[in-house]
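Here is a friendly walk through one protein model and its ligand. Have a look at the fold below, and then let us go through it piece by piece.

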Amino acid sequence: MRVETTQVATRWRAINAGGVDWAANWRRKVEVRQAHPVGMRDWDGRAQRFARRAAELNSARDPLLRVLAEGVSKDDSALDVGAGAGRYALPLASLAGRVTAVEPSPGMRAALAGALAERGVESVSVVAGTWQEAVVEPHDVVMCAHVLYFVADVVPFIEKLDTAARRACYIYIRVEGREEPLLPLWEELAGGPFPSEPGFADLYPLLLSLGIRANVRLTPPEGGGGYPDLDEALGQARLQLGLTLDQHEHDGRIREFLREHLVERNGRLSFPTRMQSAVVWWQKE
Ligand SMILES: C[S@@+](CC[C@H](N)C(=O)[O-])C[C@H]1O[C@@H](n2cnc3c(N)ncnc32)[C@H](O)[C@@H]1O
């Protein structure tokens with residue numbers, strides 16, 4: 001089989017913002033977080049929740065899909081890296097002619113396969129494995145939503161995204177961590193600094209240091225969370241605070257904090273904290 005190659009984006013002069021080693025900054029944040037229960041992720045165990053999110057997505061309003069819709073057509077092939085249960089791979093199949101979804105978690109892949117079968121979508125093929133190990137030919141557009149937080153060695157990961165894209169590369173990333181509304185509680189209970197994930201503020205200068213000058217569209221501000229009831233909010237808060245299943249000594253205080261801070265909106269409970277994500281994308285030249 002002939003392996004197609006594609007050019008790495010014509011690079012701009014690298015800018016080293018603030019004299020910081022942004023790749024080392026990224027690695028440190030990921031490693032500190034992954035060494036803490038806060039950073040543990042059981043993707044198989046989360047597949048059903050991600051499948052629900054995929055089913056609930058409003059394609060017309062979703063900020064990432066709105067940007068993708070401006071740049072992707074039926075003539076295009078699209079690659080979704082870390083596709084999860086298909087929150088974006090599924091609607092992307094309506095924009096692009098064909099889609100490849102790379103996903104390492106068997107549980108996520110099973111949820112995606114179920115959704116594809118249920119909707120009768122045949123234009124999405126699934127590649128099992130991490131992005132680091134995946135062998136895929138270049139696609140017209142490449143996207144990667146909410147995955148970089150878990151990648152310590154992020155530069156080769158981004159370089160591979162860029163190399164796999166013939167025309168454009170899209171990254172979706174949070175500006176604020178999802179735990180943001182819980183930070184006052186964290187300080188009270190843990191007493192030390194929160195092991196926060198790397199986010200948009202770490203990514204953009206990192207891209208500049210790689211000679212990539214990306215477009216950015218910030219999403220409308222959202223409230224944090226969004227839970228059907230206090231028990232679900234408590235379960236999520238426990239997870240976000242890195243508490244294990246048998247650690248219940250803080251439940252009373254967490255419940256009290258949630259009662260004080262959550263507000264009811266459209267029948268759901270959420271934090272009033274304003275949070276954003278960013279669609280970060282660049283064209284190949
Ligand atoms: C937060 S979920 C996001 C899923 C999907 N992109 C979405 O936005 O709904 C992160 C996904 O990245 C996958 N993942 C984690 N490490 C990865 C890696 N090194 N390469 C590719 N995917 C990875 C996980 O299995 C998980 O499905």
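## Around the ligand

Which helix and which strand each supply at least two residues of the shell around the ligand? They are helix H2, residues 43-56, and strand E2. Please keep in mind that this is a predicted model.

The ligand is surrounded by 21 residues. Gly-82, Gly-84, Arg-87, Thr-130 and Trp-131 are the closest of them. Sorted by class, the shell around the ligand holds 13 nonpolar residues, 6 polar ones and 2 charged ones.

## The chain as a whole

Stepping back, the protein chain contains 10 helices and 10 strands. Its C-alpha trace spans about 60 × 50 × 30 Å along the principal axes.

How does the radius of gyration fit with a compact globule? For 285 residues, such a globule would have a value near 19 Å, and the protein chain has 19 Å, so the two agree.

## The sheet

Seen across the sheet, the strands follow the order E3-E2-E1-E4-E5-E10-E6. This is an open sheet of 7 strands, and its pairing is mixed.

In general, strands of a sheet pair through backbone hydrogen bonds, in either a parallel or an antiparallel way. Here, strand E4 (residues 139-145) runs parallel to strand E5 (residues 165-174), and the two pair over 6 bridges.

## Two helix pairs

Two packed helices are described by the angle between their axes and the distance between the axes. Helix H1 (residues 22-34) packs with helix H8 (residues 200-209) at an angle of about 145°, and their axes are 9 Å apart. The crossing of H1 and H8 is left-handed. On the H1 side, the contact is made by Trp-22, Ala-23, Asn-25, Trp-26 and Lys-29, while H8 brings Asp-202, Pro-205, Leu-206 and Ser-209. By class, the contact of H1 with H8 has 5 nonpolar, 2 polar and 2 charged residues.

Now for helix H9 (residues 230-240) and helix H10 (residues 251-261): their axes come within 10 Å and cross at roughly 120°. The crossing of H9 and H10 is right-handed. Leu-230, Ala-233, Leu-234, Ala-237 and Arg-238 of H9 meet Asp-251, Ile-254, Arg-255 and Leu-258 of H10. The contact of H9 with H10 counts 6 nonpolar and 3 charged residues, with no polar ones.

Methods. Residues numbered from 1 in each chain as written. Predicted model: local features only at pLDDT ≥ 70, side-chain atom pairs only at ≥ 80, totals over all residues. Pairing = 2+ DSSP bridges. Helix = DSSP H or I, 4+ residues; strand = E, 2+ residues; numbered from the N terminus. Near = placed C-beta within 6 Å. Nonpolar A, V, L, I, M, F, W, Y, C, P; charged D, E, K, R; others polar. Axes fitted to C-alpha atoms, helices over the stretch in contact; angles between N-to-C directions. Left-handed = near helix turned anticlockwise from the far one by under 90°. Contact = placed C-beta atoms within 7 Å. Rg over C-alpha atoms; globule rule 2.2 N^0.38 Å.
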